[in-house]
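Q: I am new to this structure. Can we go through a few features, one at a time?
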Amino acid sequence: MNIPDTDIYWMQRALDLARRGIGVASPNPAVGCVILDRAGQVVGEGWHEYDLLDHAEIVALNEAKQHAGDRLKGGTAYVTLEPCNHTGRTGPCTQALISAGLARVVAATGDPNPDVNGHGMDVLKAAGIQTQLGVCEIEARRINEGFARWIQHKRPFVLMKVAMTLDGRIAPPSGHHAAREPYWITSELARAAVQPLRWQADAALTGVDTVLADDPMLTDRSGLRRRRPLLRVVLDSALRMPLDSKMVRGVQNDVVIFTVSKDEARINELRTRGVRVEVLPADAGAPGDGREPAGRSPGWQAGRVPLGKLFDKLGQEGILTLLTETGTRLNTALLASGMVDRVHLFVAPQIMGSDAVPAFKGMPTAIHMAEVEVERYGNDLGLCSLLRDPWRKQP
C-alpha cells in the first residue's frame, strides 16, 4: 500500500493524542483524532477519556465546528481506531462524521470489537466518504493491545516483567539477604522504567512468596494521570499474606488477594484491614502428590489458585492489561501455559551462579522471542517481545 507522507504525518499526530488517553480511557480503547478542513488545515483535535464519555472523533468534531464552520465540509478525519457504528454509552461516531460532511476518513486500524470490526468503515463508504485503513497500523495496535485482548476474549493482556541477571537469576541464594527486604538486581534507571509499565496497566500481579521475600509496595509511582487506582493482585493459596506487609498497611481499596483457602478467621482479618479477598475453587488433585495432570504446565500444583479462573475474574472486572511481577514458580507456570502476551526482561550485567534463585525452572520447551526491542538503562538492558498477538481472533 502506497501511503502518502501527509497521511503518515497526521496519523502520527493522532497517535500522539491517543497516548494521552493511556491510563484514563480503560476499559475503553485509547483513541486520538485529528480533523483537517477542506484546505488541509487542522481545525479539530481530540482524544478519549472514559469519564468524559465523548469519543475522540466527537471531541475533535466539536472543536472543528467552532473553528471551521462550513470549511469542515469536504475535510478529512484521521483517527487511530476504526470509528464505531453502534450505540453504547454514546451514539455512533460514524453518523457524526457523516453528518459533518467530511469527504475522507483515514483510520490506522480496524476495531477488534466484534460489534464494530469492519462495519464502521463500511458505513462510511456507503455514505460516499472515501476511506483509508492501515496507516501506521503497527503503532496503533501497540497502544491498544490490552483492549484487543479483552474485547475479544474477556481476559486481560498479560505483560510479564522480569528483572534478572545475565545467567537468569532473580535473587541471591537463600540466606544471602534479609527476608522482606528488597534485593535490587537492576539499576535505578531500569527500575524507573518499570513505573510507566505499571501506569499503562490496570492491575499488577505478584505471588505471596514474593511478598514474603521482598515486601513490595507494587504501586504506580509514575506520577502520571490514571482514572482508577492500579489494582494490586496477590496470589496466596494458603493466606500467608503478612498483616504488617506494606501492601496491607497501605491498602486504599486497591489490594485483592486470590486464594483457595476457606479460613474464615484469616479472611476476616484481611477484610477488616480493607483487603478484598476472593476465594476461587482450587485446581483439582491431591495437594503435594507431585503428579501433574495432562495439559498442566510446569509449576502447576494441585490446590493452587487456578490461573484461568483468575484471568476470567479480572476480565469480568474490566482489567484490560495485567502486569506480572512474580517469582520462579509463577513465571514458569504463566509462560509454559501460553498465557503471557508480551514479555519485558530487564537484564543486569551480573552473574550469580546456579545456587541463586532462577527466573524460570523446568520449562518444557523453549520460548522464542521474535522481533525483540532492545533498550539500554545505563549498563542494564531491556528486552521486549510480543509472544502472542492479542489482535488475532483466536486466543
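Q: Is Cys 136 buried or exposed?
A: First, the ground rules. This is a predicted model, where local features need pLDDT of at least 70, side-chain atom pairs count only at pLDDT 80 or more, and totals for chains, interfaces and linings use all residues. Residues are numbered from 1 along each chain as its sequence is written, and side-chain values use heavy atoms, with hydrogens and water left out. Buried means under 20% relative accessible area, exposed over 50%, and partly exposed in between (1.4 Å probe, protein chains only). Cys 136 has a relative accessible area of 11%, so Cys 136 is buried.

Q: How many disulfides does the structure hold?
A: A disulfide is a covalent bond between the sulfur atoms of two cysteines. The test here is a pair of cysteine sulfur atoms within 2.5 Å. The structure holds 0. Cys 33 is in no disulfide, and its nearest cysteine sulfur, in Cys 93, is 8.6 Å away.

Q: What stands opposite Cys 33 in β2?
A: Strands (E, at least two residues) and helices (H or I, at least four) are DSSP runs, numbered from the N terminus. Two strands pair if DSSP finds at least two bridges between them. Gly 46 is opposite Cys 33. Strand β1 (residues 32-36) and β2 run antiparallel, joined by 5 bridges.

Q: What is the strand order in the open sheet of 5 strands?
A: The order is β2-β1-β3-β4-β5, and the pairing is mixed. β2 (42-47) and β5 (130-133) are the edges; each has a single partner strand, so one side of each lacks a neighbour in the sheet.

Q: How many residues of helix α12 are buried?
A: Helix α12 (residues 328-336) is mostly covered, with 7 of its 9 residues buried. Among them are Leu 330, Ala 333 and Leu 334. Gly 338 follows α12 and has a positive phi, near 75°.

Q: How many residues line the second largest pocket?
A: Rolling a probe the size of a water molecule over the atoms shows where empty space is left. On a 1 Å grid over the protein atoms alone, a pocket is an open set of points where a 1.4 Å probe fits, with protein on both sides within 12 Å along at least five of seven lines; lining residues have an atom within 4 Å of a point. The second largest pocket is lined by 37 residues, with Ile 22, Arg 142, Ile 143, Gln 200 and Thr 321 nearest its centre. The largest share of that lining, 5 residues, comes from α7.
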